[in-house]
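This briefing goes through one protein chain, topic by topic. Keep the sequence and the 3D view open while reading.

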Amino acid sequence: MGNGRVSHVLARQYDRLSERLERGIGGPQLRTTLVGDLTGRVVEIGAGTGRNLPYYTKADHVVAVEPSAGMRAQVAGKLHSTVPTVELVDATGEHLPFADGEFDAAVAFLLLCVVDDLDAVLTEIRRVLKPGGRLSFFEHVRDDGRRGRAQDLAAPLLRRVQFGCRPNRPSVARMEALGFDVRLSDPVRLSPKPPLSGPYYSGTAIRL
């Protein structure tokens, strides 16, 4: 998502669109489960409009990474109501401007389907986490069988009409291949669900 006018227009509507999507998944409870127990220094990649920030009740310091100027403007307006100290950083997941092992935890919320280079983002997340640090995530992945093949065929079109989302990303498999021990929840049911997306999972990926 770019830094121009369209980004700002979408950013102003993003919370309203997200609330509609999250009604079927218990958004506040999901976000509490995802980030509420994280402690120490935490980096959230693709922080969007900062919808997770009020739920970091145990973290000491949160770094919110967001490359979109429009989204960062929305985050900046919410910083006064957050629990921990929050630092807002203009960067992409492929190039995180942090030292090796700087963070105790990382967060990705519907991020990995839209990044340009999945492996590069996961490699960077692993690099900035301490050994044993955890990536807490809510993502959707490529399905199996016929539905997975349909996702492959539809991916180029859906990427254009769903804000860069790729429904066929094998995100969990790539986490495991790149040095994480992944622990998944049961599938999360969305209603309504975007076309040909899912299954959706929340989970934890431990840096080995």
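A residue counts as buried when its relative accessible area is under 20%, as exposed when over 50%, and as partly exposed in between, using a 1.4 Å probe and protein chains only. The structure is a predicted model, in which local features need pLDDT of at least 70, side-chain atom pairs count only at pLDDT 80 or more, and totals for chains, interfaces and linings use all residues. Residues are numbered from 1 along each chain as its sequence is written, and side-chain values use heavy atoms, with hydrogens and water left out.

**Overall build**

- The protein has six helices and seven strands, where helices (H or I, at least four residues) and strands (E, at least two) are DSSP runs numbered from the N terminus.
- Read from the N terminus, the order of elements is α-α-β-β-α-β-β-α-β-α-α-β-β.
- The protein has 208 residues, and 50% of them count as buried.
- A contact means heavy atoms within 4.5 Å. Of the contacts with a separation of 6 or more, 70% are between residues 24 or more positions apart.

**Nonpolar cores**

- A nonpolar core is a set of buried Ala, Val, Leu, Ile, Met, Phe, Trp, Tyr and Cys residues joined through side-chain atoms within 4.5 Å.
- The largest such core has 29 residues, and the members that touch the most others are Val43, Phe98, Leu135 and Met175.
- Elements that each supply at least two residues of this core include strand S1 (40-45), strand S5 (129-140) and helix H6 (171-177). Helix H4 gives the most, with five residues.
- Methionine 175 is in contact with Leu112, Leu122, Leu135, Phe137, Phe180, Val182 and Ala205, leaving aside its neighbours within four places in sequence.

**Cysteines**

- Which residue holds the cysteine sulfur closest to that of cysteine 113? The closest is in cysteine 165, at 3.8 Å, which is too far for a bond.
- A disulfide is a pair of cysteine sulfur atoms within 2.5 Å, and a search of the whole structure finds zero of them.
- Cysteine 113 is buried, with a relative accessible area of 4%. Cysteine 165 also counts as buried, at 10% relative accessibility.

**Arginine 72**

- Arginine 72 is part of helix H3 (residues 69-76). At 18% relative accessibility, arginine 72 counts as buried.
- A polar contact is a pair of N or O atoms within 3.5 Å; within protein, one atom must be able to donate a hydrogen and the other to accept it, and residues adjacent in sequence count only if both atoms are side-chain atoms.
- A polar atom of the arginine 72 side chain lies 3.1 Å from the backbone oxygen of glutamate 66. For the backbone oxygen of proline 67, the distance to a polar atom of the arginine 72 side chain is 3.2 Å.

**Aromatic rings**

- Rings of Phe, Tyr and Trp (its six-membered ring) pair if their centres lie within 6.5 Å; planes under 30 degrees apart count as stacked, over 60 as edge-to-face, and the rest as tilted. By this rule there are three aromatic pairs.
- Phenylalanine 98 and phenylalanine 103 form an edge-to-face pair, with 5.1 Å from centre to centre and 85 degrees between the planes. Both of these phenylalanines are buried.
- One aromatic cluster is formed by Phe109, Phe138 and Tyr200.

**Loops and backbone**

- Threonine 39 sits in the loop between helix H2 (27-35) and S1, and is partly exposed, with a relative accessible area of 45%.
- Not counting residues up to four places away in sequence, threonine 39 touches Lys58, Ala59 and Asp104.
- Most residues other than glycine have a negative phi, and most peptide bonds are trans.
- Leucine 110 has a positive phi of about 50 degrees although it is not a glycine. Leucine 110 lies in the loop between S4 and H4 and is partly exposed, at 24% relative accessible area.
- The peptide bond joining glycine 198 and proline 199 is cis, with omega about 10 degrees. Proline 199 lies in the loop between S6 and S7.
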